[in-house]
Amino acid sequence: MNDERWLHLFNDYANSSFVDALRRQSPHLLPGAEPRPATPEATVPHGTTVLAIRYRDGVIMAGDRQATAGYQVASRRIEKIFKSDDLSGVGIAGVAGPAMEMARLFQTELEHYEKVEGDNLSLEGKANKLSQMIRMNLPAALQGLVVVPIFAGFDDKLGVGRLFKYDVTGGKYEDTDYWAQGSGGKDARDSLKKRWKRDMSREDALRVAVEALLDASDEDVGTGGPDLIRGIFPTIRTITRSGFGDVADDEIRRVVENLLADRARAEKATG
């Protein structure tokens, strides 16, 4: 093979960005790359409420399990919290299909960078990468296919959990304490504002996260509450120095049952 051909191959793969490689090889797979026909709002499944809160050991991310299409329930068991790498995760809100596609592409982007560079991106660098992807989705967002995630992770250099929120244009803003996004986001934030405390334990943070989603489900028709009969509970993940971890349904069920019992006693006392 001649030198020019070798140089061409080297230039193709010398960049550590998987998104840049995808732009060269398969640009049609990029978010928002091709204008999509306008889709009636009622036919597109939407993921609703996700949140992230800082606690003593890192960050907790949580989301309800319901997706809606207009006034109908599109899914009762959708996953909205995705692992990005060992120390970070994404909570998706907005149109479900493009949001999940973006979360998976973001995970691949971080894996590609690590393999090419031999090191992980900083947490700030990961947040910036996600911002670029949201910006690439802007043409689709202008047609109603809006994706606005939450990104959170453990910063191993600073030794703390951090979380970032975005706007539809890809603008990135760090929040120091908590944030909630989606149709029930405002109600969840109102709940978090009253209950969040600095340096909470894991148990307290779990209760606060579940209670915020429960409050959102009380006020927002798009947010699904816990379903004790079907065994459907919020998805909750922890991100600490030890990595990205799941919170088991059995533990979440206990938190939900304790909260509902407390509310029933309070209702009885005031009734």
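A note to myself on handedness: a crossing is left-handed if the near helix is turned anticlockwise from the far one by less than a right angle, and right-handed if clockwise. Helices (H or I, at least four residues) and strands (E, at least two) are DSSP runs, numbered from the N terminus.

This is a predicted model, where local features need pLDDT of at least 70, side-chain atom pairs count only at pLDDT 80 or more, and totals for chains, interfaces and linings use all residues. Residues are numbered from 1 along each chain as its sequence is written, and side-chain values use heavy atoms, with hydrogens and water left out.

**Helix pair.** I looked up α6 (residues 185–195) against α7 (residues 202–219): they pack at about 140°, axes 8 Å apart. Axes are lines fitted to C-alpha atoms, for helices over the stretch in contact, and angles run from 0 to 180 degrees between N-to-C directions. α6 and α7 are therefore oblique to each other (under 35 degrees is roughly parallel, over 145 roughly antiparallel, 65 to 115 roughly perpendicular, the rest oblique). The crossing of α6 past α7 is right-handed.

Contact (heavy atoms within 4.5 Å) involves Ser191 and Leu192, among others, in α6, and Val208 and Ala212, among others, in α7.

**Cores.** A nonpolar core is a set of buried (under 20% relative accessible area, 1.4 Å probe, protein chains only) Ala, Val, Leu, Ile, Met, Phe, Trp, Tyr and Cys residues joined through side-chain atoms within 4.5 Å. The largest one has 26 residues, and Leu192 and Ile53 are among those with the most contacts inside it. α7 gives this core its largest share, 8 residues.

Definitions and conventions:
Buried means under 20% relative accessible area, exposed over 50%, partly exposed in between (1.4 Å probe, protein chains only).
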